[in-house]
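Q: Please take a close look at one part of this model. I would like the charged side chains and their surroundings, step by step.

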Amino acid sequence: MAEAAPDDAGDVSAVAAYKRIFKEVLDSRPSGMRIRLAHAMGKNRSFVSQISNPSYPVPIPIQHLNTIFEVCHFPAAAKAAFLQAYARAHPRRVSRLAATPRERIISVHLPDLGSTKRNGQIDALIQEFARRLVAILHEDK
């Protein structure tokens with residue numbers, strides 16, 4: 001899988017450098033941030049744990065960076081340091097960051113169905129609807 005290795009000469013330490021910054025920001029946020037971030041990216045919480053752990057060489061996919069910055073409220077200095085480290089780890093990817101479509105987050109208030117399973121099913125349904133809607137909107141481009 002091409003996403004699993006850094007762009008240049010397999011420099012795992014360069015990936016770990018920006019992941020440390022990300023982890024520091026995440027750790028400074030209130031509990032529940034990983035699950036909020038996972039929902040915003042349409043991923044599982046374990047994905048967030050993996051991409052924020054400097055011990056794992058799996059890079060953070062560029063399409064998730066803007067979402068990470070917005071949801072985690074990256075301080076300006078941390079964002080600058082992160083982007084510098086990301087550019088060192090992935091020099092060919094960072095130029096695509098500006099071209100990555102920006103996303104926005106909306107909140108929808110729903111009734112609590114009294115069941116974690118049923119609430120999760122509704123959450124997943126709404127997220128899937130949003131992903132499909134975006135895919136349809138991008139078909140014409």
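Which side chains meet in a salt bridge at 2.9 Å, N to O, one of them being Lys 23?

A: Lys 23 pairs with Asp 27: their side chains form a salt bridge, 2.9 Å from N to O. The model is predicted, and that applies to every value here.

Start with the position of the pair. Asp 27 belongs to helix H1, which covers residues 12–27. Lys 23 lies in H1 too, four residues from Asp 27, or about one turn of the helix. An α-helix has 3.6 residues a turn, so residues three or four places apart point the same way.

Lys 23 has a relative accessible area of 30%, which makes it partly exposed. Asp 27 is also partly exposed, at 45%. Both values fall between the 20% and 50% cut-offs, so neither residue counts as buried or as exposed.

Arg 34 sits in helix H2, residues 33–41, and is buried. Met 33, Leu 37, Ala 38 and Met 41 are buried in H2 as well. After H2 comes Gly 42, with a positive phi near 75 degrees.

One more distance involves Asp 27. Its C-alpha atom is 10.0 Å from that of Ser 52, a residue 25 positions away along the chain.

Now the rest of the structure. A search of the whole structure gives three salt bridges. One of them joins the side chains of Glu 128 and Arg 132, at 2.9 Å, N to O. Both residues are in helix H6 (residues 116–139), four residues apart, so about one helical turn separates them. Glu 128 is partly exposed, with 31% relative accessible area. Arg 132 is exposed, at 55%. Shared partners, in turn, link Lys 23, Asp 27 and Arg 34 into one network of salt bridges.

Finally, confidence. Mean pLDDT for the chain is 84, and 84% of its residues reach 70 or more. Residues 1–10 have pLDDT below 50; in the model this stretch makes 22 contacts beyond near neighbours in sequence. Where pLDDT is low, the predicted coordinates should not be read in detail.

Note on methods
Residues numbered from 1 in each chain as written. Predicted model: local features only at pLDDT ≥ 70, side-chain atom pairs only at ≥ 80, totals over all residues. Heavy atoms only, no water. Helix = DSSP H or I, 4+ residues; strand = E, 2+ residues; numbered from the N terminus. Buried < 20%, exposed > 50% of the residue type's maximum accessible area, 1.4 Å probe, protein only. pLDDT = per-residue confidence, 0-100. Contact = heavy atoms within 4.5 Å. Salt bridge = Lys/Arg side-chain N within 4 Å of Asp/Glu carboxyl O.
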